[in-house]
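Open the model in your viewer and keep the sequence panel beside it. We'll go through it one selection at a time.

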Amino acid sequence: MSDNFVAPGQQRYLRACMVCSIVMTQARFREEGCPNCEEFLHLQGSPDQIESCTSQVFEGLITLANPAKSWVAKWQRLDGYVRGVYATKVSGQLPDDVRTTIEEEYRIQYIPRDGSATEAD
């Protein structure tokens with residue numbers, strides 16, 4: 001998990017994905033994209049997309065070593081994602097065009113990670 005180390009001077013550049021809530025530096029999003037959402041967010045190499053689909057404003061951090069077996073991962077809807085560091089709450093909303101694309105083309109129901117909407121039971 002040393003890939004996720006962020007030096008104290010670099011913490012101001014942390015961002016959280018608005019779809020899956022993984023937390024990485026802006027540079028890492030630019031170089032690698034989102035490990036969970038790259039297929040439909042296309043963050044790699046796109047500063048504008050990173051700016052609109054990730055947020056600098058987030059609360060709490062969860063480190064997941066084994067998301068498939070973690071009750072916290074299930075509770076936060078993170079099971080099935082890659083291991084890493086995730087925010088418990090991410091402020092902001094996806095742009096309407098990105099949200100429409102995700103829901104219509106990829107058939108993924110977007111549930112905001114800011115606590116404004118709850119998952120339907």
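What follows is a short walk from the whole chain down to single residues and back out to the core.

**Before you click**

This is a predicted model, in which local features need pLDDT of at least 70, side-chain atom pairs count only at pLDDT 80 or more, and totals for chains, interfaces and linings use all residues. Residues are numbered from 1 along each chain as its sequence is written, and side-chain values use heavy atoms, with hydrogens and water left out.

**Stop 1: the whole chain**

Colour by pLDDT, the predictor's confidence in each residue from 0 to 100. The protein chain averages 91, and 93% of its residues score at least 70. As a reminder for any tour like this, where pLDDT is low, the predicted coordinates should not be read in detail.

Now switch to cartoon. Helices here are DSSP runs of H or I with at least four residues, strands are runs of E with at least two, and both are numbered from the N terminus.

**Stop 2: residues 14-91**

Select 14-91. UniProt lists this range as "domain: Spt4/RpoE2 zinc finger" in an unreviewed entry; such annotations may be inferred rather than shown by experiment, feature names are shortened, and positions are given in the numbering used here. The stretch is 29% helix and 29% strand, with its end C-alpha atoms 13 Å apart.

**Stop 3: the three-stranded sheet**

Show β1, β2 and β3 together. They form an open sheet of 3 strands in the order β2-β1-β3, with antiparallel pairing. Strands β2 and β3 (54-55) are the edges, each pairing on one side only. Two strands count as paired if DSSP finds at least two bridges between them.

Select β1 (residues 14-17): 3 bridges join it to β2. Within that pairing, L14 has T25 as its bridge partner, while A16 is partnered by V23. On the β3 side there are 2 bridges, and C17 stands opposite T54.

Which side chains of β1 are buried on each face? L14 and A16 are buried on one side, R15 and C17 on the other. Buried means under 20% relative accessible area, exposed over 50%, and partly exposed in between (1.4 Å probe, protein chains only).

Next, zoom in on the hairpin of β1 and β2. It has 5 residues between the strands, and S21 takes a positive phi near 75° there.

**Stop 4**

Click T25, in strand β2 (residues 23-25). Is T25 buried or exposed? At 17% relative accessibility, T25 counts as buried. Beyond its neighbours within four places in sequence, T25 is in contact (heavy atoms within 4.5 Å) with V6, Q10, Y13 and L14.

Hop to Y13, in the segment before β1. Y13 is partly exposed, with a relative accessible area of 38%. Not counting residues up to four places away in sequence, Y13 touches M24, T25 and Q26.

**Stop 5: β4 and β5**

Select β4 and β5, an antiparallel pair with 6 bridges. F58 stands opposite V90 in β5. Strand β5 is mostly covered, with 5 of its 7 residues buried.

**Stop 6: the core**

In soluble globular proteins, nonpolar side chains tend to be buried together. A nonpolar core here is a set of buried Ala, Val, Leu, Ile, Met, Phe, Trp, Tyr and Cys residues joined through side-chain atoms within 4.5 Å. The largest one has 31 residues, and C17, V19 and L41 have the most contacts inside it. Elements giving two or more residues include β1, β2, α3 (47-53) and α5 (96-105). Strand β5 gives the largest share, 4 residues.

Finish on V19 and show its surroundings. Leaving aside neighbours within four places in sequence, V19 is in contact with C37, F40, L41, Y81, L94, I102, Y110 and R113.
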